[in-house]
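User: Please take a close look at a single part of this model and tell me how it sits against everything else. I'd be glad of one connected account, with cut-offs given as you go.

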Amino acid sequence: MTTATAELLTVPEVMARLKLGRSTVYDLIRSRRLTSITIGRSRRIPADAVQDFIVNEIEEAA
């Protein structure tokens, strides 16, 4: 899937998928461990970026 066709998630949607708090999600964005874009004043996270984050965390834990 290309970035142009990727599903964009809101921070609350990412919070629900990862079962994390709001500040933790923003910390991951700030530290560039979770890719995001800004559209106007809204922050959006590609669904692929969430999947990549999960895969990276699993690989680091192994």
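Analyst: Happy to. Let's take helix H3 (47-61), in which Ala-47, Ala-49, Val-50 and Phe-53 are buried; that word stands for under 20% relative accessible area, with exposed meaning over 50% and partly exposed what lies in between (1.4 Å probe, protein chains only). These four residues are on the same side of H3, because they cover an arc of only 165 degrees around the axis, the arc being that of the directions from the helix axis to the C-beta atoms. This is a predicted model, in which local features need pLDDT of at least 70 and side-chain atom pairs count only at pLDDT 80 or more, while totals for chains, interfaces and linings use all residues. Residues are numbered from 1 along each chain as its sequence is written, and side-chain values use heavy atoms, without hydrogens or water.

Helices (H or I, at least four residues) and strands (E, at least two) are DSSP runs, numbered from the N terminus.

What does the buried side of H3 pack against? Its partners are strand E1 (8-9), H1, H2 and strand E3 (42-46). Val-50 gives a residue-level view: leaving out residues up to four places away in sequence, Val-50 touches Leu-9, Val-14, Leu-18, Leu-34 and Ile-45, a contact being heavy atoms within 4.5 Å.

In H1, the buried residues are Val-11, Val-14 and Leu-18. They cover an arc of only 60 degrees around the axis, so they are on the same side of H1. Pro-12 and Ala-16 are exposed on the other side of H1. E1, H2, E3 and H3 are included in what covers the buried residues of H1. Just after H1, Lys-19 takes a positive phi of about 55 degrees.

The side chains of Glu-57 and Arg-33 meet in a salt bridge, 2.4 Å from N to O; the criterion is a side-chain nitrogen of Lys or Arg within 4 Å of a carboxyl oxygen of Asp or Glu. Glu-57 is in H3 and Arg-33 in the loop between H2 and strand E2 (37-39), so the pair links distant parts of the chain, 24 residues apart. Both ends are partly exposed: Glu-57 has 28% relative accessibility, and Arg-33 has a relative accessible area of 42%.

By this rule there are three salt bridges. Another joins Arg-17 and Glu-7 at 3.8 Å, N to O. Arg-17 lies in H1 and Glu-7 in the segment before E1, so this pair ties together parts that are ten residues apart in sequence. Arg-17 is partly exposed at 46%, as is Glu-7 at 43%. Arg-30 and Asp-27 also meet in a salt bridge, at 2.6 Å from N to O. Both lie in H2, three residues apart, about one turn of the helix. Here Arg-30 is exposed, at 60%, whereas Asp-27 is partly exposed, at 42%.

Finally, the wider setting. The protein has three helices and three strands, and from the N terminus its elements run β-α-α-β-β-α. The C-alpha atoms fill a box of roughly 40 × 30 × 20 Å along the principal axes. Buried residues make up 26% of the 62 residues. Of the contacts with a separation of 6 or more, 49% are between residues 24 or more positions apart.
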